[in-house]
Protein chains: 2
Amino acid sequence: MTPRSGPAPQLAARPKGRVRRQQESAILKAAERVFARTGFEGGTMTEIASLAGLPKANLHYYFRCKDELYRAVLDNILSLWLAETEVITIDADPASALSAYVAAKMRLSATRPDASRVFANEVIHGATRIGGFLRDELSSVVAQRALVIDQWASEGRIAPIDATHLFFTIWAATQTYADFESQVCAVLGKTRLGKADLVRASAHVTTVVLRSCGLPCAGAGPATPPLPSISH
Amino acid sequence: MTPRSGPAPQLAARPKGRVRRQQESAILKAAERVFARTGFEGGTMTEIASLAGLPKANLHYYFRCKDELYRAVLDNILSLWLAETEVITIDADPASALSAYVAAKMRLSATRPDASRVFANEVIHGATRIGGFLRDELSSVVAQRALVIDQWASEGRIAPIDATHLFFTIWAATQTYADFESQVCAVLGKTRLGKADLVRASAHVTTVVLRSCGLPCAGAGPATPPLPSISH
DNA sequence: GTCTATACCTGGATAGAC
DNA sequence: GTCTATCCAGGTATAGAC
């Protein structure tokens, strides 16, 4: 539909000029914000258009319909979700690897809270549009990494723990600072989370994860003594 | 709020006959389900009415408007949210109290997943309607219980930990089995969570919480040795 | 490619008979 | 108290000039 000049004009994925990419990313950015605030049904095309600074009809020029725009927003987000698990390898130091993973997830919650909220919203409502991603990509990544953690445990480098559920816990504990930010703020008596709060939160979650694996954690007080039988 | 028969028939809160209560609870039940699936804006009055088995106009007879119905659903849910914290007292055994609290939260996720999802949805979207509850009731309950946990730590009965953030972690880790059920199922390769899954999940979260507090946990393998310096 | 004007429809809310 | 028929706002999507 936008067959520009050049050697290979696709039918599905069009070539995309520089301007087009710019407009699309502006729209996607606005859409992420709007969908994060009120969900798919709650957010309106008018709202997204005004936030992106262009007339409503232009959205339909770049994205056929609201649902297509929403899926594009989700696609944009999903790639973020698998990242950072690669630090979890057999050869890595468990404490360092887990700390790095938690830190990465916390950073994501801090820098892309809207992305997290759109994802959360979609999952809560049944994940109808991203079921394939969850069942295929995500579950296979988790399965791989869980094997690594099991291996660590069988070598006595960490305490035995249910590795798959550990992932659920890490995701929940980190994403709560984005998804449930308003609750966290209310309980802390703040209007929004500052950098100091997030540093504190990150340290806390790291402590929880490391202690859950029977690992001592630097700077967390006289918490858990080193595992009696460490072998490497 | 429920002035039954007697001297003073109010204008705002009406007396409520038995039938009225029945109808209202049927509507509330249907509404919770519908709002859980698609959020406030996504759920329609038509859908709720058909699920409750009565014509749409009747909803408006019992609840002035959609927003009022939604708030009623939320009110119904909020009371559940503060429950069970009373097990956390200075005199209690930390391991037992924390285990009981986690178990209670897991039970809530298992038995009232829709309630959890409606609550999550509201918080993600900014908690505009329950801000007062979060800032007043919830935060004060948390502040009280955090003092208890701090006291436990200062007495050396548990390892030092950020008590307020520990609550965030417990809520996140337990509610994820309701709110993110579709993700959990996808990763586990199931279509829905069975009793066995929830038992396993509950054991896992309990382990995480106890280990985070430097406490040994029964039946969780050779994880954390008892704290070296326990005083009571 | 961009924008204005508009068609079409869904969904909340109400009127008024029973 | 219950239900049918209807109103009307607001939202998606499109037509068609520029």
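**Exercise 1.** How do the residues of the surface near DNA strand C divide into nonpolar, polar and charged?

*Solution.* The model is predicted, so local features need pLDDT of at least 70 and side-chain atom pairs count only at pLDDT 80 or more, whereas totals for chains, interfaces and linings use all residues. Residues are numbered from 1 along each chain as its sequence is written, chains are lettered from A and ligands numbered from 1 in the order in which they are written, and side-chain values use heavy atoms, leaving out hydrogens and water.

Step 1. A residue is near the strand if one of its heavy atoms lies within 4 Å of it. DNA strand C is surrounded by 17 residues, with A:Asn58, A:Tyr61, A:Tyr62, B:Lys56 and B:Lys66 the closest.

Step 2. Seven of the residues are nonpolar (Ala, Val, Leu, Ile, Met, Phe, Trp, Tyr, Cys and Pro), three are charged (Asp, Glu, Lys and Arg), and seven are polar (the others, Gly among them).

**Exercise 2.** Identify side chains that have a polar atom close to a phosphate oxygen of DNA strand C.

*Solution.* A polar contact is a pair of N or O atoms within 3.5 Å. For A:Gln23 the separation is 3.2 Å; for B:His60 it is 3.2 Å; for A:Arg20 it is 3.5 Å.

**Exercise 3.** State how chain A is related to chain B.

Definitions and conventions: Polar contact = N/O pair within 3.5 Å; in protein donor to acceptor, adjacent residues only side chain to side chain. Least-squares fit on C-alpha atoms with pLDDT ≥ 70 in both.
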